[in-house]
Amino acid sequence: MAITRRELFVSIGKAGIPAAVALTVGAETLQAETIPIPSAAVGLLYDASICIGCKACVAACAEANDTPPDTRGDQLHQAPSDLNDLTRNVIKLYKPEDGSAFSYVKRQCMHCLDPACAAGCPFQALHKDPESGIVKWDSDKCIGCRYCTITCPYHVPRFQWMGFNPRVTKCELCSPRLEKGLQPGCTSVCPTGAVIFGPRTVLLSEAHSRIKKEPGRYYQGRVYGEKDNGGTQSLYLSRVAFEKLGLPELGPESVPARTLRWQRRLYQYFALPAVLYVSLVQVIRKSLKGHEQEAHEHEKETGLRAQL
Amino acid sequence: MSTATLDTQTGSRLLANAAASKPRWERAVPVYGFPVVNRFFVALLAMTGLAFVLTGYRELAGLGPVSGMNDAYGWGIWKTFNVMVLTGLGSGAFAVGIAPWVFRRKRLHALMRMALLTSFLAYACGLLLLGIDAGRPWNFYWIVFPWKWNMHSPLAEVAICMSIYATIPLAIENIPPVLERLWYFDSRLRPGVEKFERRLHYFFPWIIAAAYLLPGMHQSSLGALMLLAGERVHPLWQSPWLPLLYLGAASFMSFGCVAGATMLCCVMWKRAMDMEILDEAARITAWLIFGWLGLRLLDIVFRGALGTAFHADRFAGVFWLETFLIAGGGWMLWRSLRTHKTQTMFLGYVLSSLGGMIYRFSPTTLAFRPNPESLYFPTTIEILVSFGFICMGVAGFLLVVKRFGILPAPLQEWHNMAAYFRFRRPYIRWTGYFEHGFFSDDELEREQQLELTDSD
Ligand code: SF4
Ligand code: SF4
Ligand code: SF4
């Protein structure tokens with residue numbers, strides 16, 4: 001029997017008709033890959049040029065989240081060197097060797113409009129609240145795969161490496177406090193107003209008015225997070241390059257939209273796998289018939305029971 | 001009397017044929033006459049036991065104390081080697097299976113049982129380690145609620161698809177050797193076995209088709225895992241074609257694993273090799289390798305990443321190492337088709353599979369550039385657990401090939417085996433077998449003598 005390309009194509013074609021219909025119906029969703037902005041999106045605006053690096057926000061964050069202060073550095077001060085399993089919010093210092101302008105930077109979850117962490121999380125433990133847009137972690141659904149620590153372009157979620165019941169730690173914008181009508185921990189204590197909380201639209205216009213007031217003060221005269229990575233709900237203003245502060249240039253398209261485009265289309269409604277499956281069954285059925293026949297001939301010839 | 005002698009004649013004619021012409025693999029025969037438990041096997045079991053003890057410690061202490069994983073490298077060798085690399089090596093049931101069932105390369109049916117067994121063991125061990133590597137494995141129960149799946153997550157695809165594949169289609173495909181053993185074991189079981197077999201064959205096309213669709217999906221999704229990591233994977237590896245390249249690598253690696261392992265077994269247990277089948281497998285593997293290399297190089301050139309291959313850094317080193325291993329292996333396979341040297345062929349399989357393994361290991365580990373820069377090296381415990389689970393797979397393989405008809409052999413081997421067990425294991429029901437005149441050489445004489453005395 002010759003190789004059965006023709007047969008394969010024919011059976012794919014046969015099965016392809018209903019699938020084509022399914023795909024056309026699905027085309028609407030295919031096009032609708034643009035990211036919806038949650039109706040009541042809230043976020044943070046951090047202006048690195050005002051921050052004095054007092055770290056009051058770091059202490060307040062730990063307190064608001066009921067985590068013990070991370071004193072693992074020198075057994076005395078709460079001085080985490082980076083985000084970790086006890087630290088949802090950290091202040092870091094960028095100080096170049098050549099003595100040019102230095103800057104503090106506050107790092108916490110960006111609450112991306114199209115979060116890569118949630119795109120990869122297998123059972124939706126990390127998910128974006130459809131109203132507030134806060135990206136939350138659900139301990140009942142997390143399997144501890146640590147995929148989020150790899151997918152997040154800002155390297156935010158951190159895994160707890162000790163103990164039999166590890167958790168994933170990341171800023172959840174103090175959701176329980178918001179429900180009580182309070183501000184998030186960090187913004188409620190900041191003495192200079194370097195970090196403020198509010199609806200994303202309000203924060204954006206505030207940022208733009210600051211840029212307008214002092215043109216040339218801010219790097220590239222733009223707000224990081226307005227467009228970057230498909231837009232984020234934590235927004236940044238800075239004097240030094242964003243890249244130096246650990247905010248990579250990711251382009252206007254979100255990471256999941258950019259990298260998973262084809263993955264998402266191939267699995268759209270499972271149409272393509274279904275077509276393949278049905279045509280495979282057709283081809284294999286024919287192969288099996290031929291193979292069985294041969295096996296039985298062989299059985300007669302040798303007198304030994306056929307092995308399929 | 002007449003039928004008996006006729007069959008005896010057929011039998012001896014077959015014997016003569018087998019001896020005279022080139023050996024042909026016609027039947028899967030258990031490796032008989034070798035004890036299952038020997039020193040090597042006990043050592044494998046000891047390593048497996050140690051791995052289980054260490055696993056218990058890991059479950060209590062958490063991942064930090066036992067592994068070298070850290071905030072920068074969230075994944076260690078349990079995932080990146082035992083799952084991403086070894087299941088690729090164990091995709092034989094997919095790649096070697098699809099050749100005869102879909103592309104009708106019928107000769108390769110002879111390798112099918114080897115492919116199915118190696119795949120099943122690789123997947124079983126990989127899945128177990130996936131569960132051990134997960135920090136909160138109890139939440140895996142969401143797998144039974146499809147509406148909670150994140151359908152677009154490559155990791156969900158891998159975890160769900162892999163477990164379904166290994167526990168349903170792949171496991172069912174492995175049933176026939178078990179049924180066969182039951183059939184021979186006791187003639188009272190035969191009607192039941194035959195009935196079950198008929199039912200199984202009725203559903204076989206659906207099962208086999210699923211057994212190709214699912215691995216096709218998750219072996220490519222394993223590549224898609226690192227897409228989301230973006231720039232952190234070195235440009236020589238990060239590519240929109242990662243899923244296809246992962247699938248391709250799994251295909252030629254698993255051919256190497258199945259054919260190479262079969263050759264090794266033949267040497268170890270002194271079995272004849274069917275060069276026709278091995279040549280066909282080598283030819284397919286060589287073509288797969290050349291096609292894959294072509295795609296990989298084209299992809300690198302068109303993305304404009306070729307320049308980075310000539311920087312003097314570890315990435316370029318890894319890249320050239322894997323490329324030369326794969327290309328060299330492919331070339332050796334191609335040569336072996338001319339020279340018919342089994343050594344060249346075997347080495348070709350080993351080198352190309354090794355290269356493929358490095359390729360699949362790179363994006364997550366060797367070519368991963370976390371920010372901030374940091375290093376990962378597996379700890380001793382991590383390596384012992386990883387190795388212990390490999391030992392478990394090897395032990396399982398040794399046990400099964402010695403108890404079930406897995407390894408292909410010339411027909412003669414089957415008759416020899418039956419003769420071997422005729423007195424050693426009298427409870428095996430070779431019903432009708434010896435009456436119909438299948439004897440090994442020395443038995444033939446004895447039977448003739450018996451007949452003579454009977455007629456007296
Ligand atoms: S910054 Fe990272 S953790 Fe936060 S929403 Fe975006 S991808 Fe998720
Ligand atoms: S570790 Fe938990 S939260 Fe992170 S991706 Fe895995 S399941 Fe989701
Ligand atoms: S509290 Fe305000 S000023 Fe102090 S470190 Fe935090 S953001 Fe900066």
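I began with the sheet of chain A, in which three strands lie in the order E8-E1-E9, forming an open sheet with mixed pairing. I take strands (E, at least two residues) and helices (H or I, at least four) as DSSP runs numbered from the N terminus, and two strands as paired if DSSP finds at least two bridges between them. Strands E8 (195–199) and E9 (234–237) of chain A are at the edges with a single partner strand each, so one side of each has no neighbour in the sheet. From one strand to the next the twist averages 20°, where axes are lines fitted to C-alpha atoms, for helices over the stretch in contact, and angles run from 0 to 180 degrees between N-to-C directions.

This is a predicted model, in which local features need pLDDT of at least 70 and side-chain atom pairs count only at pLDDT 80 or more, while totals for chains, interfaces and linings use all residues. Residues are numbered from 1 along each chain as its sequence is written, chains are lettered from A and ligands numbered from 1 in the order in which they are written, and side-chain values use heavy atoms, with hydrogens and water left out.

I then looked at the pairing of strand E1 (residues 42–47) of chain A with E9(A), which is parallel over four bridges; A:Leu45 stands opposite A:Leu235 there. Helix H7 (residues 200–213) of chain A lies across E1, E8 and E9 of chain A and runs at about 130° to E8(A).

Next I searched for salt bridges (a side-chain nitrogen of Lys or Arg within 4 Å of a carboxyl oxygen of Asp or Glu). I noted one between the side chains of A:Asp47 and A:Arg210, at 3.0 Å from N to O. A:Asp47 belongs to strand E1 of chain A and A:Arg210 to helix H7 of chain A, so this pair ties together parts 163 residues apart in sequence.

Which residues come nearest to ligand 3? Of the 13 residues around ligand 3 (a heavy atom within 4 Å), they are A:Cys51, A:Cys54, A:Lys55, A:Cys57 and A:Cys190.

Last, I turned to the contact (heavy atoms within 4.5 Å) between chain A and chain B, where about 6,800 Å² is buried, counted as accessible area (1.4 Å probe) lost on putting two parts together, summed over both. A:Trp161, A:Arg305 and A:Gln307 supply 12% of the area that chain A buries against chain B, more than any other three residues. I also found that A:Arg305 forms a salt bridge with B:Glu197, with the closest N and O atoms 2.7 Å apart.
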